[in-house]
Amino acid sequence: MTVATAWAAGPNLVIKDKTHNFGTIREADGPVTCEFVLRNDGDKPLIVMSAKAQCGCTTPKIPKQPIRPGESASLTVTYDPAGRPGEFDKTIRVRTNQKQKNVILKIKGTVLPKSTPKKK
């Protein structure tokens, strides 16, 4: 058994980009959503057990089905900027059935207040 084979035993979560930058968003435009692609590079099904955000303004939605080896699924995160003008940097803790159970995802950006006009 090679080192690479031993490392891949069981589920193995791979996320290319663990941070999503929304850039500048307007509070008046309402919630924004992004998607993190979760890929299982292991040899057993990957189960996403939970995803918890650090506050109620951020809502993660995990895949309902196990992710089979070699396949991908999406974890979506919605951020509600209402009443939160200024910069934001939020973390989402994802728990899975792999050996390293917790993975940290981040979303960030800047919220313009409701009174800011739309750019043309």
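Is cysteine 57 buried or exposed? Cysteine 57 is buried, with a relative accessible area of 3%; buried stands for under 20% relative accessible area, exposed for over 50%, and partly exposed for the range in between, using a 1.4 Å probe and protein chains only.

This is a predicted model, in which local features need pLDDT of at least 70 and side-chain atom pairs count only at pLDDT 80 or more, while totals for chains, interfaces and linings use all residues. Residues are numbered from 1 along each chain as its sequence is written, and side-chain values use heavy atoms, with hydrogens and water left out.

**Overall layout**

The chain has one helix and eight strands. Helices (H or I, at least four residues) and strands (E, at least two) are DSSP runs, numbered from the N terminus. Along the sequence the pattern reads α-β-β-β-β-β-β-β-β. Of the 120 residues of the chain, 34% count as buried. Contact is defined as heavy atoms within 4.5 Å. Among the contacts in the chain with a separation of 6 or more, 66% come from residues 24 or more positions apart.

**Cysteines**

Cysteine 57 forms a disulfide with cysteine 55, and their sulfur atoms are 2.5 Å apart. The criterion is a pair of cysteine sulfur atoms within 2.5 Å, and the count by this rule comes to one disulfide. A disulfide is a covalent bond between the sulfur atoms of two cysteines. Cysteine 55 has 24% relative accessibility and counts as partly exposed. Cysteine 34 counts as buried, at 5% relative accessibility.

**The four-stranded sheet**

Four strands make an open sheet in the order β2-β8-β7-β4, with mixed pairing. Two strands pair if DSSP finds at least two bridges between them. The edge strands β2 and β4 (48–53) each pair on one side only. On average, neighbouring strands of this sheet are turned by 20° against each other, direction ignored; the axes are lines fitted to C-alpha atoms, for helices over the stretch in contact, and angles run from 0 to 180 degrees between N-to-C directions.

Strand β8 (residues 102–112) and β7 pair in the antiparallel sense over 10 bridges. Threonine 91 has lysine 106 in β8 as its bridge partner. Arginine 93 is also found in strand β7, and is partly exposed with a relative accessible area of 45%. The C-alpha atoms of arginine 93 and valine 103 are separated by 5.8 Å, the two residues being 10 residues apart along the chain. Leaving aside neighbours within four places in sequence, arginine 93 is in contact with Ser50, Ala51, Lys52, Asn102, Val103 and Ile104.

**Aromatic pairs**

The structure holds two aromatic pairs, listed below. Rings of Phe, Tyr and Trp (its six-membered ring) pair if their centres lie within 6.5 Å; planes under 30 degrees apart count as stacked, over 60 as edge-to-face and the rest as tilted.

| Pair | Class | Centre to centre | Angle between planes |
|---|---|---|---|
| Phenylalanine 22 and phenylalanine 88 | tilted | 6.3 Å | 40° |
| Tyrosine 79 and phenylalanine 88 | stacked | 4.0 Å | 10° |

Phe22, Tyr79 and Phe88 form one aromatic cluster.

**Nonpolar core**

A nonpolar core is a set of buried Ala, Val, Leu, Ile, Met, Phe, Trp, Tyr and Cys residues joined through side-chain atoms within 4.5 Å. The largest one has 24 residues, of which Phe22, Leu75, Tyr79, Val94, Leu105 and Ile107 touch the most other members. Two or more residues of this core come from each of β2, β3 (32–40), β4, β6 (72–79), β7 and β8. Beyond its neighbours within four places in sequence, isoleucine 107 is in contact with residues including Phe22, Cys34, Phe36, Val77, Tyr79, Phe88 and Ile92.

**After β8**

Proline 113 lies in the segment after β8 and counts as partly exposed, at 35% relative accessibility. Not counting residues up to four places away in sequence, proline 113 touches Glu27 and Pro85. Proline 85 is 28 residues from proline 113 along the chain, and their C-alpha atoms are separated by 5.1 Å.
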